[in-house]
Every structure is written in C-alpha cells, then in structure tokens.
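Me: I would like to talk through this structure with you, one label at a time. Could you set each value against its definition as we go?

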Amino acid sequence: AIDISALRAKTGYITLDFGYKNTGSTKSAITYLDGENGVLRYRGYPIEQLAEKASFLEVAYLLIYGELPTKAQLDNFQSSITKHTLVHEDMKQFFEAYPAKAHPMGVLASMVCSLSTFYPESLNPNRSEAEFDLTIHRLLAKLPTLAAWSYKNAMRHPFMYPKNNMEYCENFLYMMFAMPTEEYHIDPVVISALNKLLILHADHEQNCSASTVRIVGSSQANLYASISAGISALWGPLHGGANQAVIEMLEKIHNDGGDVDKWVAKAKDKEDPFRLMGFGHRVYKNFDPRATIIKKACDDVLEKLGIVDPMLDIAKKLEKVALEDDYFKSRNLYPNVDFYSGIIYRALGIPTEMFTVMFALGRLPGWIAQWKEMISNGEPIGRPRQVYVGATERDYVDIEKR
Ligand code: ACO
C-alpha cells in the first residue's frame with residue numbers, strides 16, 4: 001500500500017489519476033463535447049450541420065484557423081494544398097524497403113516523420129507564420145498520397161500520382177484504386193460518404209492521439225514528428241485501431257457460426273478478456289452523435305451500392321442485443337463511431353488494414369489545430385508526476401554475489 005502521508009511529506013500533493021480520467025490538461029477553444037448529452041461541436045458548429053453541408057477541407061480550415069473560410073480563403077487553401085500533393089521522388093524508395101505485409105499505419109507514421117528530413121525548416125521553433133502555414137498545407141496535401149501509396153506498395157501495384165484537378169477525397173480514392181491501364185470511375189456516393197467520414201473524425205478534443213501530439217509538440221519537436229507520434233497513438237485497438245478490430249471481430253463471429261449471443265456472453269464474462277469492439281466510450285455515456293450520423297450514411301451507402309454483406313447482419317444483431325442487455329445498458333456501452341465506420345469502409349472497398357489510416361486522414365486537421373493551439377497558448381512542456389512504488393534505497397550487489 002502507498003504511504004500517502006510519507007509521500008506528501010516528500011513531494012507535496014500530487015493528483016494520481018490513471019488514464020487522466022478526470023484531469024484537464026489544457027484550455028481549448030477547438031472542440032466542444034458533452035458526453036452526457038451526446039453533443040459535439042467544432043468551433044461552435046454542430047457536427048450534424050458540418051457533416052451534412054461542409055467539405056472536409058472547409059472543416060479542416062475551420063479547425064485550424066478558427067473560422068469558416070470565405071470563398072476566397074477556401075480557394076486559396078485548396079489550391080495551396082493541391083500544389084503540394086506530390087511527395088519527393090526519393091521517398092518512393094522508402095516504400096520499397098518495407099515488407100509487403102507491413103501494416104500501413106507503421107509505414108505512415110514513419111513516412112510522416114521522414115517528411116521533416118525533406119523540409120528541415122520545419123525544425124525551427126521560431127518559424128514565421130507563412131512557413132508554418134506551408135508545413136500545415138504540405139501535411140494535409142501529402143498524407144493522402146502517402147496513405148494511398150502505402151496500400152499500393154502492400155499490393156505491389158504501381159503508384160498512382162495525384163490528379164490535381166480532382167477534389168481531396170476523390171483524389172485520394174483515385175490514388176488508392178486506379179490502375180494505369182484502366183479507366184477509373186468513382187461513384188459520387190462513395191466520394192460523399194468519405195467526405196462525411198473524414199469530417200466526423202476530424203477532431204475529438206483531448207483524446208489519446210491529440211494529447212500525444214500536444215505533449216510531443218510541447219518539447220518543441222517539429223510538427224511532422226508530433227503528427228507521426230499521433231498516428232502511432234491512434235494505431236492502438238483501444239483508440240483508432242478499433243475500426244479494424246470491429247471487422248475482424250465480425251469475421252470471427254461469422255466464421256464461428258454467427259452465434260451472436262455466445263459472443264455477447266463472452267464480452268460480459270469478467271474472466272474472459274474479450275470485449276465487444278466498437279462498443280463503449282470514455283466520454284460519451286448516452287450515445288455518440290457521430291455514430292448516429294454514420295449509421296445513417298452507412299445504411300445509405302449499402303442501399304445505393306446494393307451491397308449485401310453477412311458481416312452487416314451480425315453487426316445489426318450485435319447492436320440490438322447490446323442495446324437491450326442490462327450489462328451494456330448499466331455501463332452505458334453504446335456502439336461508437338468505429339462500430340459503423342468499419343462497416344462503411346468495407347462497403348467502400350477499403351481494405352481492413354487501411355481502416356485506421358482512414359481515421360488518421362480524417363483526424364489530421366484536429367491534430368494540427370491542437371498542436372497550433374498548444375504553441376499559441378505558450379503551454380509548458382508536458383511532464384506528468386508519478387507516485388513511486390518501487391524498492392527503497394538498497395546497495396549495489398556485485399554480479400558474482402547475486
Ligand atoms: N465490451 C464489454 N465490456 C466493456 C466494454 C466492451 N466493449 N467496454 C467497457 N466494458 C466494461 C468494462 O469491463 C467495465 O466493466 P466493470 O465496471 O464491470 O469493470 C466497464 O464497462 C467500464 O469500462 P472501462 O474500461 O473502465 O471504460 P473506459 O472508459 O476506460 O474505456 C473504452 C473506454 C476503451 C472505449 C472501452 O469501452 C473499450 O475497450 N471499448 C472497446 C474498444 C473500442 O471500441 N474502442 C474505440 C473507442 S472510440 C475511439 O477511439 C474513436
């Protein structure tokens with residue numbers, strides 16, 4: 001047991017809050033979230049309105065610069081981003097060095113960090129505002145290219161260069177799925193669903209990856225390195241990796257005969273480490289407003305593209321059982337955004353291993369906005385305290401006497 005009085009005598013008061021469940025790390029004006037009532041707003045604008053009316057780059061501008069852009073501002077922003085979609089030819093060789101089965105999140109995190117070596121001016125903490133904007137635009141422009149190429153590389157397919165007459169989401173889908181030998185057409189339903197998905201993922205205040213980006217940036221590490229750390233944090237199955245884990249879970253249930261009740265019982269069994277992936281949220285305790293929007297988008301896409309998917313039937317059954325079961329109800333475990341995003345990505349033809357990459361594409365503007373805010377607030381370096389529970393002082397023992 002921890003001797004609290006002895007500790008206080010030594011260190012003064014320390015708040016011990018594993019997982020920072022109730023510790024604020026900053027003041028922020030970016031995203032408002034009310035978990036009890038299922039409210040999410042970016043810079044004051046309800047997520048429902050943005051998802052319905054805005055483009056992803058418009059939302060990116062809003063998050064990063066604080067206001068919705070005028071037509072002229074959006075045009076400039078878009079054309080600057082379009083100018084930077086190519087990545088340095090030398091970076092293509094990096095892809096070839098990875099094994100074909102490399103997880104694209106590992107590739108993406110490394111590639112984003114590598115961008116800092118091609119743009120060393122980003123290392124200067126005293127950069128001008130224009131230089132900083134250039135770094136932001138480069139990141140937004142190059143992430144889709146790097147993401148699509150990490151997939152092409154895994155498939156050992158030729159890389160498709162960005163087509164700059166295409167809009168952001170369309171261009172990404174083109175680089176992912178087009179082949180040099182074939183005509184490529186994208187269904188507008190797919191582009192619009194992707195636009196919505198990216199908007200819904202664009203920020204979520206002080207989650208694990210955003211906090212990582214802020215804390216890495218607080219040491220004055222450059223933006224590319226900080227975003228690369230955010231991508232790594234997002235990779236975990238308890239965070240962005242959950243969308244991949246959802247589909248893998250649905251496949252497992254399907255291959256096991258589709259007995260949903262059996263898997264729900266497993267999730268409730270405290271002796272069994274299995275959890276229902278895509279259920280529960282640290283902050284939303286009634287419903288996740290993003291899940292409501294995405295559920296509808298998911299139904300639309302499946303209907304318009306005429307997709308019949310046995311995984312979806314299992315998902316629907318799971319959703320129903322979990323929403324009616326006392327275990328889930330009493331713990332406020334509702335389907336979260338990842339539950340439906342996994343299904344919709346699958347319907348759009350995105351391979352499972354790329355799901356978390358899609359999340360990263362969406363979250364990028366939020367990470368940038370969080371980093372920018374942390375710098376402009378002049379926040380100190382992030383450095384939590386601890387309660388030491390290890391050995392008390394002891395003398396070194398020579399190796400032959402151990
Ligand atoms: N399946 C079964 N039981 C669960 C689940 C689940 N998915 N989630 C939580 N529980 C149970 C816990 O066992 C615990 O039960 P107890 O009170 O009897 O001990 C209770 O619900 C509270 O769970 P915590 O782990 O304390 O909740 P926390 O807020 O720390 O975790 C989290 C939230 C990580 C999202 C959790 O619900 C989970 O692991 N969900 C599955 C993974 C997932 O979908 N992650 C995506 C999150 S959304 C995002 O990152 C975009």
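Reply: Gladly. Two strands pair if DSSP finds at least two bridges between them, and strands themselves are DSSP runs (E, at least two residues), as helices are (H or I, at least four), numbered from the N terminus. This is a predicted model, in which local features need pLDDT of at least 70 and side-chain atom pairs count only at pLDDT 80 or more, while totals for chains, interfaces and linings use all residues. Residues are numbered from 1 along each chain as its sequence is written.

Me: What makes S1 and S2 a pair?

Reply: Strand S1 (residues 31–34) and strand S2 (residues 39–42) share four bridges in the antiparallel sense, and the definition asks for at least two. Aspartate 34 stands opposite valine 39 in S2. The two strands form a hairpin with four residues between them, and glycine 38 in the turn has a positive phi of about 65°.

Me: Why is helix H10 described as largely enclosed by the rest of the structure?

Reply: Eight of the ten residues of H10 (residues 208–217) are buried, so the description holds. Among them are Arg214, Ile215 and Val216. The cover over the buried residues of H10 includes helix H11 (223–235) and helix H18 (355–376).

Me: What makes the largest nonpolar core a core?

Reply: A nonpolar core is a set of buried Ala, Val, Leu, Ile, Met, Phe, Trp, Tyr and Cys residues joined through C-beta atoms within 7 Å. The largest has 109 residues, and Val59, Leu108, Ile294 and Ile344 have the most contacts inside it. H18 gives the largest share, twelve residues.

Me: Which residues is isoleucine 294 in contact with, leaving aside its neighbours within four places in sequence?

Reply: Contact requires C-beta atoms, placed from the backbone, within 7 Å. Isoleucine 294 is in contact with Leu197, Leu200, Val337, Tyr340, Ser341 and Ile344.

Key:
A residue is buried if 20 or more other C-beta atoms lie within 10 Å of its own, exposed if 12 or fewer, and partly exposed in between; C-beta atoms are placed from the backbone. Two residues are in contact if their C-beta atoms, placed from the backbone, lie within 7 Å.
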